[in-house]
Amino acid sequence: MLSAFVRAFRTPDLRRKLLFTVGIMVVFRVGSFVPTPGVSYTNVQACIAQSSDSNTLLGLVNLFSGGALLQLSVFALGIMPYITASIIVQLLRVVIPHFEALHQEGQSGTATLTQYTRYLTIGLAVLQSTTVITVARSGNLFQNCSVQVIPNDTPMTIAIMVLTMTAGTGLIMWLGELITEHGVGNGMSLLIFTSIAARFPTALWSIAGGAGGAGKFVIVMAVVIIVVALVVFVEQSQRRVPVQYAKRMVGRRMYGGTSTYIPIKINIAGVIPVIFASSLLAVPGLIAQFADKTQGWVVWLTNNVATPSAPLHLVLYSLLIIFFCYFYTAITFNPDEVADNMKKYGGFIPGIRAGRPTAEYLDYVISRITAPGSIYLALVALIPTITFILLGVGTNIPFGGASILIVVGVGLDTVKQIESQLQQRHYEGFLR
C-alpha cells in the first residue's frame with residue numbers, strides 16, 4: 001500500500017490532484033479556528049476549559065464541524081447545512097413531482113437540483129447560525145461558564161455574526177465542490193472526514209491521560225479496530241442480482257446478449273439513519289434546555305430520553321436507526337424505476353418476467369437485505385457508545401458509530417478512486 005502511495009505521487013497529474021485536495025483540507029481546518037467577529041476568543045477558551053463537552057443539543061453539529069461550533073468560528077456550522085439541504089431535496093422528490101422529473105432528466109436536471117440544494121443550504125445556514133448565536137447568548141452553549149462569550153450583543157453585531165457564519169457555510173460548500181472538480185474523491189465527504197478525524201488525537205489523549213488511562217486506551221482502540229473491521233467487511237459486501245440482456249438488431253449491428261448484475265449493498269442507506277436518529281433524539285434535549293427544569297416531566301425527559309447513557313435512550317436510538325434505515329432505503333431505491341429501465345433496454349432477471357414481477361422481486365430482495373443491514377447499523381452505532389459508558393470515558397468522544405461509518409466509508413471510496421486512476425496508468429492499486 002505504501003508503494004502505491006509512492007507511485008501515486010510520482011504520477012504528475014495524480015500528485016497535483018492529491019496536493020490540491022490536501023491544501024483545501026488545510027484551508028478548511030484553518031477556518032475552523034478563526035473566531036467570528038463579535039465573539040470573545042478568550043472567554044470561549046475559558047468556557048471550553050470549564051465545561052465538559054456534554055451538550056447533546058449541538059453535539060452532532062459540533063462533530064461534523066470538527067469542534068468549530070464550540071469555538072464559534074467562521075466555519076462553526078461546518079458542512080451540516082449542506083447535508084440537511086441535500087437530504088431535504090432528496091426527500092422532496094417523493095412529494096414534489098417536479099423534483100422527480102428533474103432527477104429523471106439526467107445531467108441538466110441534476111444540475112438544477114444541485115442549484116436548489118445550494119439555495120436551501122444558505123437558507124438553513126441563516127437559520128442555524130441564528131439558533132447557535134441565540135443559544136450562545138442565553139448561556140446554554142456552555143452550561144457551567146460564568147463569562148459571556150458574546151460581550152456586545154447589539155443588533156448590528158448579531159447581524160454581522162449571522163452573515164459571517166452564513167458566508168463561512170457558503171465558502172465550505174465551494175471548497176467541497178472544488179475538491180470534487182479538481183481533486184480526488186467527493187469534496188463534501190472529504191471535508192466531513194477531515195472534521196471528524198481532526199478530533200481523534202485530542203480524544204485519544206484525553207482517554208490516555210485519565211484515571212486508568214492505559215487500560216481504557218487499549219480497550220477503546222480494540223473496540224474501534226473491531227468495529228472498523230466490521231464496517232469494512234459489511235460496506236464491501238453486496239448482493240448481486242444477475243441481469244441478462246437480450247440480443248437486438250440496431251441497423252446492421254447486433255447489440256445485447258451480455259450478462260451483468262445489479263450490485264445491492266447490504267447497507268444502502270449509509271450513515272443517514274444514524275444522523276436522522278441522533279437529530280430526532282436531540283429534540284427532547286432542546287425542550288429540556290428551555291423548559292422549567294423543576295417540573296417532573298422535564299426531569300424524567302432529561303434523565304431517560306435526553307441522556308445518551310440512559311437505557312431508554314439507547315433503545316429508542318436503536319429503533320429509530322432501524323426505522324430510518326427502511327424509510328431511507330425505500331426512498332433512494334425505487335424497484336419500479338429499475339424494472340422499467342431494464343425492460344426498456346431489453347434486460348431481465350433469469351427466471352423472472354420483465355415489468356411488474358421484476359419490480360416485486362427486487363422489492364423482496366431489498367426487504368430481505370435491509371433487515372440485517374439495519375441491525376448491523378444499530379450495532380455499529382451502539383457498540384462504541386455502550387463500551388464508552390461502561391468505561392466511564394464519556395459518550396461524546398469522536399469514536400461513535402456515525403464517526404466510524406463516515407471515516408471508513410469515505411476512506412474506502414477515496415482509496416478506490418485513487419486505485420482506479422492508478423490502474424488507468426497501468427499501475428497496481430491499493431487493494432489487491
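Two rings of Phe, Tyr or Trp (its six-membered ring) make an aromatic pair if their centres lie within 6.5 Å; planes under 30 degrees apart count as stacked, over 60 as edge-to-face and the rest as tilted. By this rule, there are seven aromatic pairs here.

Before you click: this is a predicted model, where local features need pLDDT of at least 70, side-chain atom pairs count only at pLDDT 80 or more, and totals for chains, interfaces and linings use all residues. Residues are numbered from 1 along each chain as its sequence is written, and side-chain values use heavy atoms, leaving out hydrogens and water.

**First stop.** Select Phe28 and Phe75. Their ring centres are 5.9 Å apart and the planes sit at 20°, so this pair is stacked. Phe28 belongs to helix α2 and Phe75 to the loop between α5 (68-71) and α6 (80-95), so the pair ties together parts 47 residues apart in sequence. (Helices are DSSP runs of H or I, at least four residues, numbered from the N terminus.) Both Phe28 and Phe75 are buried, meaning under 20% relative accessible area with a 1.4 Å probe, protein chains only.

**Second stop.** Now select Phe276 and Phe324, an edge-to-face pair with 5.2 Å centre to centre and 75° between the planes. Phe276 lies in helix α13 (residues 272-290) and Phe324 in helix α15 (residues 311-332), so this pair links parts 48 residues apart in sequence. Phe276 and Phe324 are both buried.

Definitions and conventions. Helices (H or I, at least four residues) and strands (E, at least two) are DSSP runs, numbered from the N terminus. Buried means under 20% relative accessible area, exposed over 50%, partly exposed in between (1.4 Å probe, protein chains only).
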